[in-house]
Amino acid sequence: MKAPIRVSVTGAAGNIGYSLLWNVASGNCFGADQPIILQLLEITPALEKLKGTIMELQDSAFPLVHDIIGTDDADKAFGDADAVFLVGSRPRTKDMNRSDLFVANGPIFVGQGKSIGASARSTVRVITVGNPCNTNCLIARANAKNLPNSAFSAMTRLDQNRAVAQVAGKLGVPPGAVQDVFIWGNHSDTMCPDLQLATANGERVAGRLDQDWVRGEFRQTVATRGKAIIVARGSSSAASAAAAAVDHMRDWWQGTNGRVVSMAIPSEGWYGVPEGLVYSFPVRVDAAGRIQVVEGLEIDDYIRAGIDENIAALEDEKSNITNLL
Ligand code: NAD
Ligand code: LMR
């Protein structure tokens, strides 16, 4: 039996938390043979609700869950953490853009970044889900001064999964047949899905899809899906976001076995993206958990414009939060 790993989840009593915790506890994320200790962080007024979530987790009797800690103390929640899901933060409502959440959410990632730096393991892997997630990740990264860039990521996997679903629907194949779809840039309406590597049942999809659809309805649907769900549901995506967070962390933990996926990570200058911006790239993850950006792709004028539009959007977001870095 492996030794348990410590998995921190912030905002654990919220909507995403309610789905994420069951996915993680069942073994879907870290493996069916990997015991875990759940370290759940909430704000003080939500501790009673968290207590209810913990009671339900206990009642699910997951064999892999060796302990569950619920707390409003960030240092305790991130103590010796091996993996961290930064979810806790406000969701937008239908009349907002994600970047309108800076004022409410940005400061959360200052304190939590510091605390992760002080308390988590030096090998910790952090996924940022709370919006605007690329820039919140930038804030957390900047405040965890002792940790490397490679510890931090933000989630564009939900956008990737949405793109896969659209392509699968168009081609009349199950989503599992579609691989190597990825997203450039920011988890915002500017995001740029790219199908140049994508295959369905092993065959390239590029020549099989109408370019007007790819550049028009497809991109628009993927980029604005979050808002469409808020309008339809009355609250933001939760189960699909939790599933995507698990996909992202599972691939980071277990490797992608050659598949290409999307992760937003601090740039090292790849594809002209300024160093340090947390930007979604096509990546592979090796068996040791190293994230490797797919380099050398041919970038046509359309994708170049998409990459540049997202650089501008993220530079603009950054200019609003320099006091938090
Ligand atoms: P929610 O309101 O249901 O839950 C958020 C939880 O976070 C609440 O329980 C709240 O008490 C807690 N919280 C607030 N501040 C906290 C803090 N400082 N420390 C710890 N916990 C804190 O919201 P939700 O639906 O779970 O969404 C959470 C976030 O995820 C939102 O910002 C949302 O926009 C974002 N989101 C991102 C994606 C993505 O693809 N990146 C997808 C869906 C949602
Ligand atoms: C999503 O994409 O569903 C989330 O980021 C929620 C939102 O505000 O759109």
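Trainee: In this model, how far does a backbone N or O atom of Arg90 lie from an oxygen atom of ligand 1?
Mentor: The model is a predicted one. Arg90 is listed among the closest of the 27 residues that surround ligand 1. From a backbone N or O atom of Arg90 to an oxygen atom of ligand 1 the distance is 2.9 Å.

Trainee: Which residue has a side-chain N or O atom 3.1 Å from a nitrogen atom of ligand 1?
Mentor: Ile16 can be set aside, as a polar backbone atom of that residue is 3.0 Å from an oxygen atom of ligand 1. The contact to a nitrogen atom of ligand 1, at 3.1 Å, comes from the side chain of Gln112.

Trainee: Which residue has a side-chain N or O atom 2.8 Å from an oxygen atom of ligand 2?
Mentor: The surroundings of ligand 2 include Asn131, His187 and Ser237. The side chain of His187 has an N or O atom 2.6 Å from an oxygen atom of ligand 2, and for a polar side-chain atom of Ser237 the distance is 2.7 Å. The value of 2.8 Å belongs to Asn131.

Trainee: How much area is buried between domain 1 and domain 2?
Mentor: Domain 1 covers 5–154 and domain 2 covers 157–324, with C-alpha centres 22 Å apart. In contact are 46 residues of domain 1 and 42 residues of domain 2. Carbon and sulfur atoms give 66% of the buried area, which is about 3400 Å².

Trainee: Which residues of domain 1 lose the most area to domain 2?
Mentor: Together they make up 21% of what the domain 1 side buries. They are Arg98, Arg125 and Asn134.

Trainee: Which residue meets the side chain of Asp189 in a salt bridge?
Mentor: Across the interface of domain 1 and domain 2 the rule finds 1 salt bridge. For the pair that includes Asp189, the N to O distance is 3.9 Å, inside the 4 Å cut-off. The partner of Asp189 is Arg98.

Trainee: Which element gives the largest share of the side of domain 1 that touches domain 2?
Mentor: Between the two domains, 11 residue pairs are in polar contact. Elements that each supply at least two residues of this side include helix H1 (15–25), helix H4 (102–119) and helix H5 (133–143). The largest share is 8 residues, and the element is H5.

Trainee: Why are Glu48 and Lys51 about one helical turn apart?
Mentor: Glu48 and Lys51 form a salt bridge with their closest N and O atoms 3.8 Å apart. Both belong to helix H2 (residues 47–59), and they are about one turn apart because their separation in that helix is 3 residues.

Trainee: What is the phi of Asp180?
Mentor: Asp180 lies in the loop between strand S7 (178–179) and strand S8 (182–184). Asp180 is not a glycine, yet its phi is positive, at about 65°.

Methods:
Residues are numbered from 1 along each chain as its sequence is written. Chains are lettered from A and ligands numbered from 1 in the order in which they are written. This is a predicted model: local features need pLDDT of at least 70, side-chain atom pairs count only at pLDDT 80 or more; totals for chains, interfaces and linings use all residues. Side-chain values use heavy atoms; hydrogens and water are left out. Domain bounds come from an automatic or database domain assignment. Contact means heavy atoms within 4.5 Å. Buried area is the accessible area (1.4 Å probe) that two parts lose on being put together, summed over both. A polar contact is a pair of N or O atoms within 3.5 Å; within protein, one must be able to donate a hydrogen and the other to accept it, and residues adjacent in sequence count only if both atoms are side-chain atoms. Helices (H or I, at least four residues) and strands (E, at least two) are DSSP runs, numbered from the N terminus. A residue is near a molecule or strand if one of its heavy atoms lies within 4 Å of it.
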